[in-house]
Amino acid sequence: MTVTNETRADPAPPTPAREPVRRIDIGTRLLRLVDAIWRPAALLALIFVAWWVITAQGWVADYLVPTPVQVWERTTQDWSSLMYHSYVTLYETVVGFLLASVLGLATAVAIAYSRTLERTLYPIVLFAQVIPKIAIAPLIVVWFGNDLAPKIILAVLIAFFPVVVSGVAGLRSTDPELLELSATMGASRWQTFRKIRFPNALPHLMAGEKVAVTLAVVGAVVGEFVGASEGLGYQLMIANGNLDAPLLFAALILMSLIGILLFVIVEVLEALLIPWHASRRSATPLTTS
Amino acid sequence: MTSVLTGTAVDVKNLSVRFRSKRSSTTALDDVTMRVEAGEFISIVGPSGCGKSTLLKVVAGLVKPSDGQVSLFGDEVKGAQRNIGFAFQRAALLEWRGVRKNILLQAEIRGIDKAKAARRADELIELTGLAGFEKALPHELSGGMQQRVALCRALLHEPPVLLMDEPFGALDALTREQLNAELNKIWRETGTTILLVTHSIAEAVFLGTRVEVMSPRPGRLMRTLPVDLPRERDYAQVMTDPRFGSLTREIRQLLGAHESH
């Protein structure tokens, strides 16, 4: 084919969609961040002030709800031990979440690709999901001891299901025409998976991962409740036993912070992996069309 | 162009396709026989649901014939064909890839030499007026541009046969005319044999060297109408050509006669 060079030499090619909306200057980005944060921050501040007023006025006994100052003092007092317990819980949660992601994705692939495996696996996955994890936690501790293992296993058990469900939904949502297209290209199953089905499944999958990561924290803490000698769940039980409300609140807040931190990490990962997806685009109202 | 083969490109013999569901069986195509010589441009028109798309899919090896057989350049079609290009009604682009990378998907999967594929992609981008949009994502493009990308992708590996299933159906009239003109140019320059399924009678006549008119379900070939116009076609000229007028009228009558009862 011969192509003339005249259009290529043209210094001003058509520009409408030339500069995609991805490049945004720092000022706008900052504004957007402020816009995203101020509402929840204001609400949080309101709750905090209410907490302060109620407890400082003595409307609620401080062995039931401590004042923010008491919680803060307790936190700084026990800083190093609280950090150690946080680290343990964080470790269990992250390992559990990663294992759940790998196993969940593998299961989702098996289910999406094989009818036989679907019929074999799905009922078991569902069964495992409907058993209350809290009810089997003692059994798991009996089986696997007081170590990290039972906490990680509980985190895996609880975080596994959303990964499987979202993975299957994502892998099944491939446009049939894309699959026909890849057939006419002579694509192998692996090529179709890697270049079409998997990237296409990512938006669904990431939604599941976000649910999974917050559930993984619950799994780890439940494991610590039942039998542990370290971790925030253990710390919370001790504080509860001693009627040490400030320590209990400190542990509670740290648990929540771990959950939020991990959720944000998964969100950032999502933004990096699927910047092209509609769910990401709608968050940037700069697009004018 | 290296990929251009001579002789009979597509040979459809007594082809029937029946789809069976649990209770019923529908006949999509009934005893269709059609020969397409290399370099021809065949437009296939017919009412909705007459099996036009099924015909293309059988040629591509995506749907199995119930009876009869189909050959591409003398080889019987068994399973998905690799030596074709396929363009769908929806552009079917990968949302996460830019224009150029969407086009290059074809090369990646086929294992075409990278430098060669890149050159070819640039040529096609230039030819279809996509220059300057190489990195744009599909959602940033208009419908017409998305179809151009799909067309480039279908042509990247220089297929001897291009199958097009109503690729311009969702576009506005002006964009459609523009793309028709571009397709005419691509066809002339590449020598590719093209089978185009369309709802538009004007499009069928403007592009085709031959128009095949199909009957409603079960789809049969009702009439073959050769289009006696030069290969190079200009919209304004063709529209005012008396041969264009009489052909479109004839096709409209053929389709209308079937729709009226």
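Student: What makes B:Arg18 and B:Asp67 a salt bridge?

Tutor: In this predicted model, the closest N and O atoms of B:Arg18 and B:Asp67 are 2.8 Å apart; because the rule asks for a side-chain nitrogen of Lys or Arg within 4 Å of a carboxyl oxygen of Asp or Glu, the pair counts as a salt bridge. B:Arg18 lies in strand β1 and B:Asp67 in strand β4 of chain B, so the pair ties together parts that are 49 residues apart in sequence.

Student: Why is B:Asp67 called partly exposed?

Tutor: The relative accessible area of B:Asp67 is 38%, and since buried means under 20% and exposed over 50%, B:Asp67 is therefore partly exposed. B:Arg18, at 28% relative accessibility, also counts as partly exposed.

Student: Which salt-bridge partner does A:Glu118 have, and how far apart are the closest N and O atoms?

Tutor: The partner is A:Arg172, with the closest N and O atoms 3.1 Å apart. This pair links distant parts of the chain, with A:Glu118 in helix α5 and A:Arg172 in helix α7 of chain A, 54 residues apart.

Student: Is A:Glu118 buried or exposed, and how do you know?

Tutor: A:Glu118 has a relative accessible area of 13%, and because the limit for buried is under 20%, A:Glu118 is buried. A:Arg172, by contrast, counts as partly exposed at 43% relative accessibility.

Note on methods:
Residues are numbered from 1 along each chain as its sequence is written. Chains are lettered from A and ligands numbered from 1 in the order in which they are written. This is a predicted model: local features need pLDDT of at least 70, side-chain atom pairs count only at pLDDT 80 or more; totals for chains, interfaces and linings use all residues. Side-chain values use heavy atoms; hydrogens and water are left out. Helices (H or I, at least four residues) and strands (E, at least two) are DSSP runs, numbered from the N terminus. Buried means under 20% relative accessible area, exposed over 50%, partly exposed in between (1.4 Å probe, protein chains only).
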